[in-house]
Amino acid sequence: MSVRPNSTAFMAQAMHVDNPHRETFHKFFECWISEQNSYLEDLVSAANNHNQTGNDDAVLVPLIERVIRHYEQYYRAKSNWENRDAVSMFSPTWRSKLEDAFLWIGGWRPTLAIHLLYSKSGIQVEAKLGDLIRGLTTGDLGDLTPNQIKRIDELQKNTINEERVLSEKLAKEQEAVADSSMVELSNAVSEMIRNETGGDDSENEKKVDSMLDSKNNKLEELLHMADDLRLKTLKAVVEILTPIQTVYFLIAAAELHLRLHEWGKKRDANVAESIGGAHTNDSNLHVHDVTV
Amino acid sequence: MAGMCCGVVGETKTQSTVEPSGGRQGRRRRMEIQQLKFLAAAASDVVMPPPDGSRKRRKVESIETIENTGDDIALSSDMKLVEVGPCGRGACGTSSETLGDDVLDMENSRFGLTVVCGRRRDLEDAVAVKPSFCRTSSRSSEDLHFYGVYDGHGCSHVAMKCKDRMHEIVKEEVENCEKSMDWKETMVNSFSRMDKDITEWSNSASRSNCRCELQTPQCDAVGSTAVVAVVTPERIVVSNCGDSRAVLCRNGVAIPLSVDHKPDRPDELERIEEAGGRVIYWDGARVLGVLAMSRAIGDNYLKPYVIPEPEVTVTERTAEDECLILASDGLWDVVSNDVACSVARMCLSSHEVPSPPRSPGSDLNVARGESSDKACSDASVLLTKLALARRSTDNVSVVVVDLRRNL
């Protein structure tokens with residue numbers, strides 16, 4: 001078995017090294033998704049070896065716990081970087097532009113977990129509809145019971161409400177870009193440039209810094225709340241499902257995440273190529289430099 | 001809101017298993033769990049026509065169970081509200097009381113219902129199930145059951161109001177009927193009163209919780225479909241406004257008891273145009289290019305093109321009737337009548353195997369009756385799961401009513 005890149009060790013080391021933040025989180029992310037990839041294989045083989053008649057929870061539960069801890073580790077690392085540099089976490093360089101376009105406050109939209117569950121469950125329902133009608137169990141997400149459906153629906157409603165609260169908070173912060181103090185200060189600095197009065201530059205700079213710092217703090221707080229909701233929703237789904245259902249859910253989650261990342265990267269590369277082709281003279285320049 | 005509840009008939013063996021919170025084992029169990037908060041137990045001695053000609057009593061108890069709130073169940077005067085704690089099978093939640101022989105025809109309601117938000121961000125569907133919601137005042141007093149599915153648009157408040165009020169209005173209308181029942185007239189009047197109630201209410205009430213609050217002051221752009229089934233011992237009366245639907249499964253055949261009110265239905269198109277309205281194709285046929293159904297409760301701004309008058313069908317019940325399915329278009333858009341019917345009837349028949357006797361006195365009838373509610377509930381959930389599997393993008397509401405007799 002090949003040695004897994006170890007994101008925990010990497011994180012521990014990286015947090016002590018004075019690296020540029022984006023760069024290090026980027027590396028952490030790559031470690032993490034390669035770990036996710038091997039966890040996916042573990043999950044798939046657990047699902048394949050699952051024996052419906054025998055009780056193999058003793059095998060499944062520890063695996064599920066490891067995978068959940070892996071997600072927790074991701075959010076711990078992300079939170080650390082958010083404390084250092086919240087703003088750059090809103091424009092993740094480690095994700096493809098495709099993923100970036102679908103982000104909600106720096107990550108996946110929490111209700112995505114419910115939709116993922118409904119979609120995966122739906123596929124398994126259709127595959128074994130005959131069994132289900134006869135009252136047989138399918139041993140997967142096709143088996144969602146009335147009580148589970150009810151709890152998922154409640155979770156969905158709560159999650160939508162919490163999403164809305166955070167979306168409103170984000171809206172508030174976005175609107176506050178044009179609040180009085182921002183406008184006043186931008187005018188003061190512009191006047192100074194215009195008049196070349198050579199007034200107290202450092203005073204305004206201080207004001208600008210403190211204002212932007214406070215905005216940064218609010219964004220940081222928002223990122224923490226959004227990440228908390230993401231992890232909370234993931235755990236709540238797992239809480240509702242049986243171990244084997246959880247395994248199928250986690251497989252679907254990992255597959256979607258990994259493939260979307262790959263597809264996005266591929267598209268980015270294609271776009272870069274076509275732009276590169278149009279600017280043959282600049283072909284040695286980075287895409288970003290060309291398009292600026 | 002996911003409402004899930006069911007009606008049970010039979011010697012009371014109500015399960016009221018409370019799931020252990022967090023425990024893996026508890027979660028893993030194949031769940032037949034209904035966490036019952038309240039249990040409305042009605043007990044009455046019902047006189048059955050005996051084979052040997054003598055009048056013999058058989059005790060029938062009806063238990064209506066519901067999650068979270070007790071208010072979805074209309075409690076008639078002979079019902080008691082009993083709070084039930086966690087308890088095992090067959091030991092709790094019963095009360096019995098003897099009624100006189102004057103109760104001649106009492107058939108209990110056996111049903112399952114599921115309402116989920118599904119792939120929408122707002123829940124605008126509402127469902128009302130009111131077993132034994134009223135009795136006819138005629139000579140042969142009949143016990144009537146009420147089932148309603150309401151699919152709101154614009155906001156949920158019209159659908160919610162229908163859920164709260166419609167059965168009360170129908171009850172009043174039925175009780176005001178002095179001579180022979182004219183169901184069509186009764187139901188048309190009921191829908192008309194419901195619509196007026198909505199108009200008055202939205203002109204006066206403060207709706208602090210409404211999403212529509214900011215849209216228009218009068219909430220004129222809000223409405224709801226309504227499909228209502230009143231089940232009597234002899235017939236099924238279905239009244240429909242809009243594109244929710246009631247389907248009867250009779251001997252394996254799906255018989256629609258309502259016809260969707262779509263703006264491009266030839267007779268509806270004609271009616272709309274005669275009233276001076278137009279149907280414009282804008283993402284499907286829409287009245288004035290706005291509403292994709294031709295009848296609804298509410299929607300004042302589209303009157304008189306969109307009307308609250310229901311089409312009413314009265315169907316005589318037969319021994320071959322299996323079940324009645326009421327659902328919003330979240331189901332019907334992706335599941336055909338035939339498929340829904342065969343799924344539901346197979347769910348019902350797969351539960352026919354009588355459970356082993358649990359205590360002296362439980363007989364076959366009881367066992368089947370008891371499993372019937374679970375069968376209905378399983379059927380409604382399976383239909384909901386099928387709708388989600390087939391990528392329904394809407395709220396999904398499904399009610400399955402068991403119509404089999406002599407279980």
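Reply: Among contacts in chain A between residues at least 6 apart in sequence, 76% link residues at least 24 apart; two residues are in contact if their C-beta atoms, placed from the backbone, lie within 7 Å. The model is predicted, and local features need pLDDT of at least 70, side-chain atom pairs count only at pLDDT 80 or more, and totals for chains, interfaces and linings use all residues. Residues are numbered from 1 along each chain as its sequence is written, while chains are lettered from A and ligands numbered from 1 in the order in which they are written.

Chain A contains twelve helices and zero strands. Helices (H or I, at least four residues) and strands (E, at least two) are DSSP runs, numbered from the N terminus. Of the 292 residues in chain A, 27% are buried. A residue is buried if 20 or more other C-beta atoms lie within 10 Å of its own, exposed if 12 or fewer, and partly exposed in between.

Within chain A, helix H3 (57-84) packs with helix H10 (residues 201-240) at an angle of about 175°, their axes being 10 Å apart. Axes are lines fitted to C-alpha atoms, for helices over the stretch in contact, and angles run from 0 to 180 degrees between N-to-C directions. H3(A) and H10(A) are therefore roughly antiparallel, a term for angles over 145 degrees. On the H3(A) side, the residues that meet H10(A) include A:Ile64, A:Ile68, A:Tyr71 and A:Glu72; among their counterparts in H10(A) are A:Leu223, A:His224, A:Asp227 and A:Leu231. By class, the contact of H3(A) with H10(A) has eight nonpolar, three polar and six charged residues. Here Ala, Val, Leu, Ile, Met, Phe, Trp, Tyr, Cys and Pro count as nonpolar, Asp, Glu, Lys and Arg as charged, and the others, Gly among them, as polar.

Another helix of chain A, H8 (residues 146-175), holds A:Ser167. A:Ser167 is partly exposed, because 14 other C-beta atoms lie within 10 Å. The C-alpha atoms of A:Ser167 and A:Arg76 are 22 Å from each other, and the two residues are 91 residues apart along the chain.

Where chain A touches chain B, the contact takes 28 residues from chain A and 27 residues from chain B. On the side of chain A, H3, helix H6 (112-127), helix H7 (129-133) and H8 each supply at least two residues. H8(A) gives the most, with ten residues. This side of chain A has eleven nonpolar, ten polar and seven charged residues.

In strand S6 (residues 125-135) of chain B, ten of the eleven residues are buried, so S6(B) is largely enclosed by the rest of the structure. S6(B) runs antiparallel to strand S7 (residues 143-153) of chain B, and eight bridges join them; two strands pair if DSSP finds at least two bridges between them.

How values were computed: Parallel < 35°, antiparallel > 145°, perpendicular 65-115°, else oblique.
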